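Here are a few notes from my pass through the model.

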Amino acid sequence: MKALRADPDWHEAAQTLVDGCCLLSPAERVPWLEQLCRAIGDPLYPAFLRVLCLVGEHGEPLAQRAVAATLNDALASGRLPAGPQAAWGALAGASRRQGPIEFLCAAFLHPQGALPLSASAFDRTARALLGLMAQDREAHARYRARLDAAAADPLEGAWSRADRAALRALAAAWVPGAAPGAAVDAFLQAARAGSGGGWSGLSGFGALGPPGR
């Protein structure tokens with residue numbers, strides 16, 4: 001299994017992502033992103049999310065728009081990089097592949113390991129991802145529709161009824177021009193209402209952590 005180096009250079013990784021999205025031709029960007037994520041591999045998909053968060057928090061506006069536009073092209077072509085998540089209520093080993101926002105939400109709603117991620121760290125990470133995606137109007141609209149579709153499908157298997165209510169609340173509050181924090185707050189409030197309590201851990205997110213480091 002692949003593992004991160006003891007002290008990864010997150011900013012160098014973020015710069016690599018920005019350079020690819022800014023300098024490659026439009027036709028080259030999505031295949032390059034797919035190749036990059038295949039090279040990272042599923043176990044380190046959270047590391048890819050951390051890089052996205054760094055761009056969302058600290059990237060220049062031009063860099064953010066380039067990354068968001070590349071993600072929009074990947075969404076439009078059905079090639080958005082995704083990571084595996086255990087399906088809700090499924091037998092051991094069953095999984096679904098989730099895009100960055102759904103992956104983070106699912107892992108937070110259904111912690112599967114001992115590595116902790118506080119509610120404040122989830123809040124910061126989700127704000128960074130939503131803010132980055134909203135830098136491209138089409139990407140924002142497509143991802144909102146994607147979340148709405150997941151919330152409306154009781155048969156897909158990845159989400160419980162309470163999960164779908166939280167996703168629905170996130171999508172409804174994530175309107176153009178709104179601060180990402182409003183959508184994250186709506187998600188957390190709905191999640192708390194559905195669970196009756198907090199969360200104790202988040203599997204696989206030792207590589208992610210708060211993205212500002």
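1. A salt bridge here is a side-chain nitrogen of Lys or Arg within 4 Å of a carboxyl oxygen of Asp or Glu. By that cut-off Asp 185 and Arg 127 make one, at 3.8 Å from N to O. The pair ties together distant parts of the chain, with Asp 185 in helix α9 (residues 180-195) and Arg 127 in helix α6 (residues 119-133), 58 residues apart. Asp 123 joins in too: Asp 123, Arg 127 and Asp 185 are linked in a network of salt bridges. Keep in mind that this is a predicted model.

2. How exposed are the two partners? Asp 185 has a relative accessible area of 34%, so it is partly exposed. Arg 127 is also at 34% and counts as partly exposed.

3. The structure holds seven salt bridges. Another one of them pairs Glu 102 with Arg 146, where the closest N and O atoms are 2.4 Å apart. Again distant parts of the chain are linked: Glu 102 sits in helix α5 (residues 100-109) and Arg 146 in helix α7 (residues 137-152), 44 residues apart. Glu 102 is buried, at 3% relative accessible area, whereas Arg 146 is partly exposed at 30%.

4. Then there is Glu 34 with Arg 79, whose closest N and O atoms are 2.8 Å apart. This pair connects helix α2 (Glu 34) to the loop between α4 (61-76) and β1 (Arg 79), 45 residues apart. Glu 34 is partly exposed, at 21% relative accessibility, and Arg 79 is partly exposed as well, at 33%.

5. Staying in helix α2 (residues 26-40), have a look at Trp 32. Which residues does Trp 32 touch, leaving aside those up to four places away in sequence? They are Thr 16, Leu 17, Gly 20, Cys 21 and Leu 24. Trp 32 is partly exposed, at a relative accessible area of 22%.

6. Helix α3 (residues 45-58) spans 20 Å from first to last C-alpha, close to the 20 Å expected for its 14 residues. Twelve of those 14 residues are buried, among them Tyr 45, Phe 48, Arg 50 and Cys 53.

7. Finally, the strands. β1 (residues 83-86) has Gly 83 and Gln 85 on its covered face, with Pro 84 and Ala 86 on the uncovered one. In a regular strand, side chains alternate between the two faces of the sheet. Four bridges join β1 to β2 (residues 95-98), and the two run antiparallel; Gly 83 has Gln 98 as its bridge partner.

How values were computed:
Residues numbered from 1 in each chain as written. Predicted model: local features only at pLDDT ≥ 70, side-chain atom pairs only at ≥ 80, totals over all residues. Heavy atoms only, no water. Buried < 20%, exposed > 50% of the residue type's maximum accessible area, 1.4 Å probe, protein only. Contact = heavy atoms within 4.5 Å. Expected span 1.5 Å × (residues − 1). Pairing = 2+ DSSP bridges.
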